[in-house]
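Keep the structure open while reading.

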Amino acid sequence: METELFIGGKWVPASSGNRFDVLDPATGDVIASVADGGESDAIAAVDAAAEAGPAWAATPPRVRGEALRKAWELMTERADELAKLISLENGKALVDAKGEVTYAAEFFRWFAEEAVRGEGQFATAPSGANRILVTRQPVGVCVLVTPWNFPAAMATRKIGPALAAGCTVVLKPASDTPLTALAMAAILAEAGVPFGVVNVLPSRSSGKVVGRMLKDARVRKLSFTGSTEVGRILLAQAAENVVNTSMELGGNAPFLVFADADLDAAIEGAMIAKMRNGGEACTAANRFYVEASIADEFSRRLAARMSAMRVGPGTDESTQVGPLVNEDTVAKVDSLVRDAVEAGAKAETGGSRPSGAGFYYPPTVLTGVAPDAAILREEIFGPVAPIVTFTGEDEAVRLANDTEYGLVAYVYTGDLARGLRVSEAIEAGMVGLNRGLVSDPAAPFGGVKQSGIGREGGHEGLLEYLESKYIAVNW
Ligand code: ADP
């Protein structure tokens with residue numbers, strides 16, 4: 001297991017010599033000590049990325065794509081071992097970790113294919129005086145900042161398109177989960193990505209190192225996934241040097257179930273939308289709005305499914321719900337549930353934090369949640385499903401849109417015309433229509449409102465790392 005910084009193709013200790021501990025969320029025990037990058041290490045990483053930039057940009061797209069394709073193969077071959085590592089440092093159930101490895105690797109395969117789809121434009125100017133030639137060039141050195149909830153996929157979703165486009169990168173992984181990011185660096189190096197193209201900088205002083213890099217004029221892009229709160233700070237810092245930004249921020253996904261929905265499918269979708277990754281996803285269903293006439297049945301059936309889930313250490317094969325990642329996360333979930341219950345909500349299952357070691361919270365279903373409860377406004381990031389009833393389509397859309405977030409929404413209805421109408425009316429970058437999972441490397445993932453700027457995945461994901469260069473030509 002690699003535990004040093006990865007800069008310019010070398011594994012190096014932090015220049016300060018400092019290290020920090022990574023914990024096993026199932027026990028709270030230390031599992032590794034990782035080099036703690038500081039500001040001078042951050043500059044060394046930008047140096048390496050800047051130096052490697054021109055040669056990588058000039059590398060044929062096919063060659064860049066083949067390195068990514070090789071990285072996909074290596075991840076696929078080592079899926080079990082990577083899943084264990086993810087589960088160990090993040091806490092998620094192995095079944096979720098395996099799903100993440102497949103999803104994460106797929107970004108490398110998808111962008112291996114996108115690398116050779118460099119497109120341009122050629123036209124005659126309306127005046128007829130000249131020709132318009134548009135080509136695309138890599139943005140340059142990118143700083144990538146990723147969260148702990150998908151330690152592999154959030155990294156590959158940024159590294160894949162950046163490398164395909166011809167950019168070089170410095171990745172700053174979340175300090176709770178740096179080991180997976182370091183494993184990704186090793187795989188990319190083995191896949192033939194040249195030294196300096198990918199640099200990984202674990203750090204416990206995220207604010208300082210990212211802030212320092214954004215001040216460096218050689219850094220031309222920031223791609224961030226994390227909370228809206230931190231995203232706002234980084235957008236302000238990026239403004240100083242007018243750095244290109246892609247921001248995947250928080251979500252507050254509504255899950256709408258109309259009375260005409262196939263209830264079996266809605267329950268199945270709810271389980272995925274809520275419980276994938278133990279609820280620790282920005283796409284997680286955060287608010288369930290169920291048409292009043294079917295609300296009791298939906299709540300009862302969802303509570304039965306949730307209470308039957310096996311909770312335990314993520315690394316145990318039979319576990320369906322692992323612990324949450326850390327103490328702060330479980331304390332936040334606990335306080336949101338307590339507030340809701342104090343205001344009159346009822347826990348149909350779960351609802352209180354168990355005693356004992358580890359950051360566990362049980363699958364929980366709340367009914368009778370007050371419309372102004374904090375749990376409906378804030379990202380829960382845990383296995384809790386608050387249910388609210390509605391009457392009619394207009395009210396459903398109004399409730400769904402009553403948030404500053406706009407990442408994803410889920411809609412279940414047997415009437416496809418209504419489904420499409422509601423999907424169009426909902427202010428979100430993505431909608432799952434009769435489907436509880438939207439994430440797909442081949443599709444543009446991203447939000448509107450305070451959920452972010454830009455898209456990851458699909459063809460749009462590549463364009464985020466390219467600038468259009470327009471050449472006006474006379475001949
Ligand atoms: P989460 O806790 O969901 O991962 P955060 O927004 O707190 O969301 O963190 C996302 C990423 O941003 C992590 O890599 C974290 O270390 C980093 N981060 C947190 N605060 C800052 C900051 N002030 N400046 C730069 N990066 C930060």
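Two residues are in contact when heavy atoms of theirs lie within 4.5 Å. By that rule, and leaving aside neighbours within four places in sequence, S423 is in contact with V431 and L433. Bear in mind throughout that this is a predicted model.

## S423 and its helix

S423 is found in helix α14. Buried or exposed? S423 has a relative accessible area of 15%, under the 20% limit, so S423 counts as buried. A polar atom of the S423 side chain lies 2.6 Å from the backbone oxygen of G419. V408 is 15 residues away from S423 in sequence, and the two C-alpha atoms are 10 Å apart.

In α13 (residues 393-401), the buried residues are E393, A396, V397, L399, A400 and N401. An α-helix has 3.6 residues a turn, so residues three or four places apart point the same way.

Where does the ligand sit? The ligand sits in the largest pocket. The elements that give two or more residues to the shell around the ligand are α7 (206-215), β10 (219-225) and α8 (228-240). Of these, α7 gives the most, with three residues.

There are 16 residues around the ligand, and T146, W148, K172, S206 and S227 come nearest. For T146, K172 and S227, polar distances to the ligand are tabulated below.

| Residue | Protein atom | Ligand atom | Distance |
|---|---|---|---|
| T146 | polar backbone atom | oxygen | 2.7 Å |
| K172 | polar side-chain atom | oxygen | 2.7 Å |
| S227 | N or O atom in the side chain | oxygen | 2.7 Å |

On its own, the ligand has 550 Å² of accessible area, and the protein covers 77% of it.

## Three further buried positions

Start with N326. N326 is found in the loop between α10 (292-307) and α11 (327-342). Its relative accessible area is 15%, so N326 is buried, the limit being 20%. N326 touches D176 and F359, not counting residues up to four places away in sequence. With D176 there is also a polar contact of 3.0 Å, side chain to side chain. N326 and P25 are 301 residues apart in sequence, yet their C-alpha atoms are 6.1 Å apart in space.

Next comes T180, in helix α6 (residues 178-190). T180 has 1% relative accessibility and counts as buried. Beyond its neighbours within four places in sequence, T180 is in contact with L85, I86, E89, P151 and A152. T180 and V388 are 208 residues apart in sequence, and in space 38 Å separates their C-alpha atoms.

S246 lies in strand β11 (residues 244-248). At 4% relative accessibility, S246 counts as buried. Which residues is S246 in contact with, leaving aside neighbours within four places in sequence? They are K221, L222, S223, F224, I453 and E464. With E464, S246 makes a polar contact between side chains, at 2.4 Å.

Backbone angles give one more topic. Most residues other than glycine have a negative phi.

N277 has a phi near 65°, a positive value in a residue other than glycine. N277 lies in the loop between α9 (263-275) and β13. Its relative accessible area is 3%, and N277 is buried.

N434 is not a glycine either, and its phi is positive at about 55°. N434 lies in the loop between β18 (430-433) and β19 (452-453). Why is N434 classed as partly exposed? N434 has a relative accessible area of 35%, which falls between the 20% limit for buried and the 50% limit for exposed, so N434 is partly exposed.

Definitions and conventions. Residues numbered from 1 in each chain as written. Predicted model: local features only at pLDDT ≥ 70, side-chain atom pairs only at ≥ 80, totals over all residues. Heavy atoms only, no water. Helix = DSSP H or I, 4+ residues; strand = E, 2+ residues; numbered from the N terminus. Buried < 20%, exposed > 50% of the residue type's maximum accessible area, 1.4 Å probe, protein only. Polar contact = N/O pair within 3.5 Å; in protein donor to acceptor, adjacent residues only side chain to side chain. Near = heavy atom within 4 Å. Areas by Shrake-Rupley, 256 points an atom, 1.4 Å probe, with all protein chains shown as cover. 1 Å grid on protein atoms, 1.4 Å probe; cavity = no way out; pocket = protein on both sides within 12 Å on 5 of 7 lines; lining within 4 Å. Sits in = over half its atoms within 2 Å of the grid points.
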